[in-house]
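Trainee: I have a model on my screen and would like to learn how to read it. Could you walk me through it?

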Amino acid sequence: MTYYLAQHQSAWGELYLLHDQTYIFALSLPDNNKQTFLDRHSQFNIIEETKPNTLSQECFKQLDEYFSKQRQTFTLPTQQKGTAFEQKVWQALTTIPLGSTVSYKNIAEKINTPKAYRAVGMANNKNSLPIIIPCHRVIGQNKKLTGYAGGLALKQKLLMHEQCIFSA
């Protein structure tokens with residue numbers, strides 16, 4: 001199977017997208033290093049894209065709408081490789097509405113594994129579709145910001161963009 005790398009300059013910085021003709025598999029965070037993104041997804045046979053296709057254009061359009069506060073949810077065909085547990089966590093993340101936050105414990109309870117809140121954090125870390133699958137909306141039970149692959153400053157910026165309530 002052949003995978004493509006698309007690049008886009010958004011209002012928030014450079015984005016990279018890994019996709020085929022049918023699904024989006026990975027998205028970088030704004031201004032993420034291209035080589036770091038490629039290294040993280042080295043299991044894919046990536047061919048650099050010279051011309052955007054319909055799928056990548058639609059994805060970047062929806063992301064631009066999100067960054068300009070014109071979109072609250074994403075309607076994109078996505079697919080991530082992960083364990084059954086990780087898939088449950090990622091699915092639960094898609095149910096967190098824009099402007100809301102939940103705790104790791106809330107997600108663990110939602111997927112019927114109430115003591116697995118640390119494992120929920122690890123699954124969040126493996127989310128290859130940040131922003132689209134909103135792992136940034138998961139915070140500590142005390143409403144404080146906790147780990148984020150893009151750093152806490154970006155997590156705070158995303159939550160402020162969405163007008164979420166949290167403690168800095």
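This is a predicted model: local features need pLDDT of at least 70, side-chain atom pairs count only at pLDDT 80 or more; totals for chains, interfaces and linings use all residues.

Trainee: Which residues touch the most other members of the largest nonpolar core?

Mentor: In soluble globular proteins, nonpolar side chains tend to be buried together. A nonpolar core is a set of buried Ala, Val, Leu, Ile, Met, Phe, Trp, Tyr and Cys residues joined through side-chain atoms within 4.5 Å. Buried means under 20% relative accessible area, exposed over 50%, and partly exposed in between (1.4 Å probe, protein chains only). Here the largest core has 35 residues, and Leu63, Val89, Leu93, Ile107, Ile131 and Ile132 touch the most other members. Elements giving two or more residues include β2 (13–19), α2 (54–67) and α3 (84–93), and α2 provides the largest share, 6 residues. Helices (H or I, at least four residues) and strands (E, at least two) are DSSP runs, numbered from the N terminus.

Trainee: What does Leu63 contact?

Mentor: Contact means heavy atoms within 4.5 Å. Leaving aside neighbours within four places in sequence, Leu63 contacts Leu15, Leu27, Phe74, Ile131 and Ile132. Apart from this core lies another, of 9 residues, among them Leu5, Phe25, Leu38 and Phe44.

Trainee: How should I read helix α2, and what span should its 14 residues have?

Mentor: An α-helix has 3.6 residues a turn, so residues three or four places apart point the same way. The expected span of a helix is 1.5 Å times one less than its number of residues. For α2 that gives 20 Å, and its end C-alpha atoms are 20 Å apart, which agrees. Buried residues of α2 include Leu55, Cys59, Gln62, Leu63 and Tyr66, and the buried residues of this helix pack against β1 (3–10), β2, β3 and α6. At the start of α2, a side-chain oxygen of Asn53 comes to within 3.1 Å of the backbone nitrogen of Leu55. Just after α2, Lys69 has a positive phi of about 60°.

Trainee: At what angle do the axes of α3 and α5 cross?

Mentor: Two packed helices are described by the angle between their axes and the distance between the axes. Axes are lines fitted to C-alpha atoms, for helices over the stretch in contact, and angles run from 0 to 180 degrees between N-to-C directions. The axes of α3 and α5 cross at roughly 80° and come within 9 Å. That makes α3 roughly perpendicular to α5 (65 to 115 degrees). On the α3 side the contact involves Phe85, Glu86, Val89, Trp90 and Leu93, and on the α5 side Ala119, Val120, Ala123 and Asn124.

Trainee: Is His161 buried or exposed?

Mentor: His161, in helix α6, is buried, with a relative accessible area of 13%. A polar contact is a pair of N or O atoms within 3.5 Å; within protein, one must be able to donate a hydrogen and the other to accept it, and residues adjacent in sequence count only if both atoms are side-chain atoms. The His161 side chain reaches the backbone oxygen of Tyr66 at 2.8 Å.

Trainee: Where is Ser128?

Mentor: Ser128 sits in the loop between α5 and β6 (138–139). Its side chain reaches the backbone oxygen of Phe25 at 2.8 Å.

Note on methods
Residues are numbered from 1 along each chain as its sequence is written. Side-chain values use heavy atoms; hydrogens and water are left out. Angles under 35 degrees count as roughly parallel, over 145 as roughly antiparallel, 65 to 115 as roughly perpendicular and the rest as oblique.
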